[in-house]
Amino acid sequence: MGSMYKDDQDDWITVCLKYLLFVFNFLFWMGGGVVMGVGIWTLIDKGDYLSLLASSTFAVSAYILILAGALVMVTGFLGCCAVIREQRSLLSTYFSCLLLIFLIELVAGILAYVYYQKLSEELKQHLSETMTKNYAQPGKEGITQAVDRLQQDFKCCGSNNSFDWQSSVYILSPEAKKRVVPDSCCKTITPQCGYRDHPSNIYKVEGGCITKLEQFLADHLLIIGAVGIGVACLQICGMVFTCCLHRRIKLDPY
């Protein structure tokens, strides 16, 4: 009698574990979509700004998120198959995939954290030089477009302030046609509006574009980190449930 009760109890625990893994896989699959979406959004929405950065760490973190999100969605399907078929070999494969994705997200998180620490110094050293030396130069169309969008999106002018443009290769060249700032500094862009650098005509922002871009990138890195931590917590729960179910399922006779 006691043995039958114990078997029924074991069966009940196994069924609960299966349902928990099903719920987990659904949340995990949705989390994978969110992770991949954040990575794609980072690259597409503000991808122009990546050309203004000295290192590719920010872009690499976004690409790793996309890879991890795709693996998560595939792994979620594998997990459902493993639970339905109740095969220990499939559960072992599923656990290995969860561990691999966890390690990938860990690498992305470390990269994001390291980059966050040196973000301010990199922008101060690199952005001013990029804007003054490469703006409107032959073969630098991508940087020119990125700087124009940066100044319009964030309503700023110059890396630190509008006076930075006075030492710009573009402003000192005949192509500038006596402009004192690029037209993208203007509050309302009209042809050759960069002749006047009065506050009524151009953006005068404390800290310039460096401060604005630094805050934007820092916010993105925090989003990447928060999403990664959330999915990682789900994965830890999934690995625990998988181990428990793996122990509960009897060994295959063959």
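I began with Cys157 and Cys185, and found that both are buried (under 20% relative accessible area, where exposed means over 50% and partly exposed lies in between; 1.4 Å probe, protein chains only). The model is predicted: local features need pLDDT of at least 70, side-chain atom pairs count only at pLDDT 80 or more, and totals for chains, interfaces and linings use all residues. Residues are numbered from 1 along each chain as its sequence is written, and side-chain values use heavy atoms, with hydrogens and water left out.

I then looked up the bond between Cys157 and Cys185: they form a disulfide, S to S 2.2 Å (a disulfide being a pair of cysteine sulfur atoms within 2.5 Å). Cys157 and Cys185 both lie in the loop between α4 and α5, so the pair ties together parts that are 28 residues apart in sequence. Helices here are DSSP runs of H or I with at least four residues, and strands are runs of E with at least two, numbered from the N terminus. The S-S torsion of this pair, Cys157 and Cys185, is about 85 degrees, so the disulfide is right-handed.

I next examined Cys156 and Cys209, whose sulfur atoms are 2.1 Å apart in a disulfide. This pair links distant parts of the chain, 53 residues apart: Cys156 is in the loop between α4 (141-153) and α5 (208-248), and Cys209 is in helix α5. Cys156 and Cys209 are buried.

I also recorded a disulfide between Cys186 and Cys193, S to S 2.2 Å. Cys186 is buried at 0% relative accessibility, and Cys193 is buried at 8%.

I counted three disulfides. With the bonded cysteines numbered in sequence order, the pairing is 1-6, 2-3, 4-5.
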